[in-house]
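Please look over the structure shown below, and read this briefing alongside it. The points that follow are grouped by topic.

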Amino acid sequence: MSERKNGAQIVWESLLAEGVEVVFGIPGGATLPIYDALAKHEYALRHVLATHEQGASHMADGYARATGRVGVCLATSGPGATNLTTGLANAHMDSSPVVAITGQVPTTLLGRDGFQEADVHGVTMPITKHNYLVTDIHELPHVLREAFYIAHTGRPGPVLVDICKDVQQAEIEFKIPDSADLDLPGYHPVLIAADPDAIGQAANLINNAGQPVIVAGQGVLIAQAEAELCQLAEKANIPVITTLLGVGAIPQTDPLSIGMGGMHGEAYTNNAMMESDVLVVIGARLDDRLTGVFGTFASKAQIIHIDLDPAEVGKNLATDIPLIGDALLTLRALLPLVEPNEHPAWLGQIAEWRTDTDFRDVLAQETEELVPPFIIRQLWHLTDEGNCIVVTDVGQHQMWEAQYFLHTKRRSLFTSGGLGTMGFGLPAAIGVQVGRPEEPVWLVAGDGGFQMTMAELSTVVKEELPIKIALINNRHLGMVRQWQTIFYNKRYSGTPLFNPDFVKLADAYGMPGLAVRHKEEVEGAIRQAQAHEGPFLIEFQVDPFADVYPMVAPGKSNADMIRRPVPVEPLEEEG
Amino acid sequence: MKHTIVAWMEDKPGVLNRVASLFRRRNFNIESLTVGHSEAPGISRMTFVVEGDERQIQQVQAQLFKLINVTAVQDVTHMPSVERELALIKVNATGADRSEIIQLVDIYRASIVDVEVDSLIIQIGGPTDRIESLTNLLRNFGIREMVRTGSVAMVRGNGFTPVEGHNGVSETRVAQGARHLTPPKINLPYRPFPQKEKKTWPTSTTTRTLISTY
């Protein structure tokens, strides 16, 4: 059954057919027909109005990460679309399924540098999984169908659909395209396990390993293979390291979980990775923040790499056994072949390394100062030991969060990993809270990144989202300041910030806020935020010169860490 | 070393841009790139000559493969194949030089396609090394202008020809050639063969539903 519909109606009806419930966006000249159709036909979708298109794209990204469904954002041509690009690049790096719909000038004006024209198709090509420019209304139904299919299948990623304004206004006989009519001869993302022979070899390697380690990335979460990962770890007693985006793949309180590895991973975690003889990498890209300088990484290890995307295997490091396939199905095939193992010596060694880390931990020391790790750990305690979702921005607070908040639930940490987008936090938290309204959402942000997108506070209040914001204010672009301290001879070029009074700012948006300066106020403030029904902001004013340790210097090996300073009064066993 | 890679892709706007952009972004070194129609309507065929080590060549193929519009990729470097290129060379030709050049053209089985008082345009088709060899000889007379098409390649006999029909890849042909579809060390049917029967395209709500807690 088909009816005459215009392009704008086709957009909304296609979204509804794909099961879309929420769209994040801002209208503009080139999307007027789309927005008009939304009002005129009262489509049953929630439209969340952002204050900046970058915010809209991060919201869609956050929504997608939190729900596992496609996040949709909508922007107008030219500046609207170029404002989306940061969010698209971020979603692309972190494999997040997003569909961005942008308006474009009418086909008659294409290429003539019309008002608000930008080559969005060209601009977004390298930062999307795929993109389309629709100049013919007859293509529109298929393109939208394909866009969703591409975004959420295989390795997920963002897809942009740029629709000319006259296409939105043109009418055709419309029905949702039949699946068989779609034409993607070069895209067949069927979920399959890796090659059985290779799985056999991998099992053999694991069974004969003396010092095996698993590195679990976000691929485990996307494939929903957490249970299989834990089974593998338990069966053969293999310690599990996660990447930043893989946090939550194994409960971090599990004895076999040895934390996050990489630049700000704990020393015992990185030692385990570097000293391993078999490294099982699952759904991780092995980027430089995890591996340190490529040449020295885990040089004794044979690497087994499970990934759905063949282009990731062997991209950065030579792989001994590539297992290209879905993590869930591959682990299921691998599990029966892996023999139970104890590895007492290896686990003992890691435990020994861990003692030294625990001894240096700032939380083990008596200090009156309000140190950020204390805030994060308190937050963890007061949320029933992590019974909440945490969204972070990018910077020092992000690393403290990853170190001190022990995530025991999957998909409970959302953070910008690959692109490291400051300003991601607040809008992403909005998307997360919209997608998972029943769960408490805490945003942990720094003062620098927060100010990049803090205009979205109006969205928080307008949409009545009960997001709790823990703002770690050190009055600096802290991570950059830290690097200047360590590598640039303390020349603080451009890093000190002029900040507003954040509590007053929250008040101006109509949400309560509280400033905390002392350690003993932390618990009360967090409890007050939790007791409040709506959004709440706590500004923690901390030492501007607190650094994140341990740290692997850029271009250095993971074996070469800058450790946490030894406590001032060393204990007896400190040799 | 130099590798010759053939890729088949949908003939759609922006595809050439995607491929070129990929090579630029990933820092792959292209020696030559040619593109034109294949035997299948709607499918173009590109031949690249790429300089790189084994790992880079694997990456080139895997990254190309990842482009949604690319239907197949094959490294034909180590396969029995025919590789050809065409060049037009405008060379100075006066006096005694002229007969010497004509002799060279004969030896190289090239042809003269334009004659002027003081110059000739020579057309030569063949493997790259033969073109290079003739070009080197002609430099002695003074080359005024030269244009080369870049290599095109085709596997001999019953080798791998993945394009058949509008929808790209026929099942049996790909099955024969599947091992070439992916880099040698990576043994995977990541891009499985198109199914003949009608597919059901899941909407985003019907993918694995998310369980928010353990």
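In this predicted model, A:Gln116 is found in the loop between β5 and α5 (120-124) of chain A, where its phi is near 55 degrees, a positive value in a residue other than glycine. With a relative accessibility of 27%, A:Gln116 counts as partly exposed.

**Other backbone features in loops**

- A:Lys490, which lies in the loop between α20 (478-487) and α21 (502-509) of chain A, likewise has a positive phi, of about 55 degrees, although it is not a glycine.
- The relative accessibility of A:Lys490 is 54%, and this residue therefore counts as exposed.
- A cis peptide bond runs from A:Tyr549 to A:Pro550, with omega near -5 degrees, and A:Pro550 has its place in the loop between β20 (536-541) and β21 (551-552) of chain A.

**The six-stranded sheet**

- An open sheet of chain A is formed by six strands in the order β3-β2-β4-β5-β7-β6, and the pairing is parallel.
- Strands β3 (46-49) and β6 (130-134) of chain A stand at the edges with a single partner strand each, so one side of each is left without a neighbour in the sheet.
- From one strand to the next, the twist averages 20 degrees.
- Strand β5 (residues 98-104) of chain A is joined by six bridges to strand β7 (residues 159-164) of chain A, the two running parallel, and within this pair A:Gly103 stands opposite A:Ile163 in β7(A).
- Five bridges join strand β4 (residues 71-75) of chain A to β5(A), again in parallel, and here A:Val72 stands opposite A:Val99 in β5(A).

**Buried elements**

- Strand β5(A) is mostly covered, since seven of its seven residues are buried.
- In a regular strand the side chains alternate between the two faces of the sheet.
- Both faces of β5(A) are covered, with A:Val98, A:Ala100, A:Thr102 and A:Gln104 buried on one side and A:Val99, A:Ile101 and A:Gly103 buried on the other.
- Helix α17 (residues 425-435) of chain A has ten of its eleven residues buried, so this helix is largely enclosed by the rest of the structure; among the buried residues of α17(A) are A:Leu426, A:Pro427, A:Ile430 and A:Val432.

**Cysteines**

- A disulfide is a covalent bond between the sulfur atoms of two cysteines.
- Over all chains, the structure holds zero disulfides.
- For A:Cys73, the closest cysteine sulfur is that of A:Cys164, and the 18 Å between the two sulfurs is too far for a bond, given that a disulfide requires cysteine sulfur atoms within 2.5 Å.
- A:Cys230 is in no disulfide either, the nearest cysteine sulfur being that of A:Cys388, 20 Å away.
- Both of these cysteines are buried: A:Cys73 has a relative accessible area of 0%, and A:Cys230 has a relative accessible area of 12%.

**Domains and their contact**

- Chain A is divided into domain 1 (3-177), domain 2 (196-352) and domain 3 (363-558).
- The centres of domain 1 and domain 3 of chain A, taken over C-alpha atoms, are separated by 31 Å, and their contact takes 26 residues from domain 1 of chain A and 27 residues from domain 3 of chain A.
- Between domain 1 and domain 3 of chain A an area of about 1,900 Å² is buried, and carbon and sulfur atoms give 61% of this area.
- On the side of domain 1 of chain A, the residues that lose the most area to domain 3 of chain A are A:Thr51, A:Arg65 and A:Ala66, which together account for 26% of what that side buries.

Key:
Residues are numbered from 1 along each chain as its sequence is written. Chains are lettered from A and ligands numbered from 1 in the order in which they are written. This is a predicted model: local features need pLDDT of at least 70, side-chain atom pairs count only at pLDDT 80 or more; totals for chains, interfaces and linings use all residues. Side-chain values use heavy atoms; hydrogens and water are left out. Two strands pair if DSSP finds at least two bridges between them. Helices (H or I, at least four residues) and strands (E, at least two) are DSSP runs, numbered from the N terminus. Axes are lines fitted to C-alpha atoms, for helices over the stretch in contact, and angles run from 0 to 180 degrees between N-to-C directions. Buried means under 20% relative accessible area, exposed over 50%, partly exposed in between (1.4 Å probe, protein chains only). Domain bounds come from an automatic or database domain assignment. Contact means heavy atoms within 4.5 Å. Buried area is the accessible area (1.4 Å probe) that two parts lose on being put together, summed over both.
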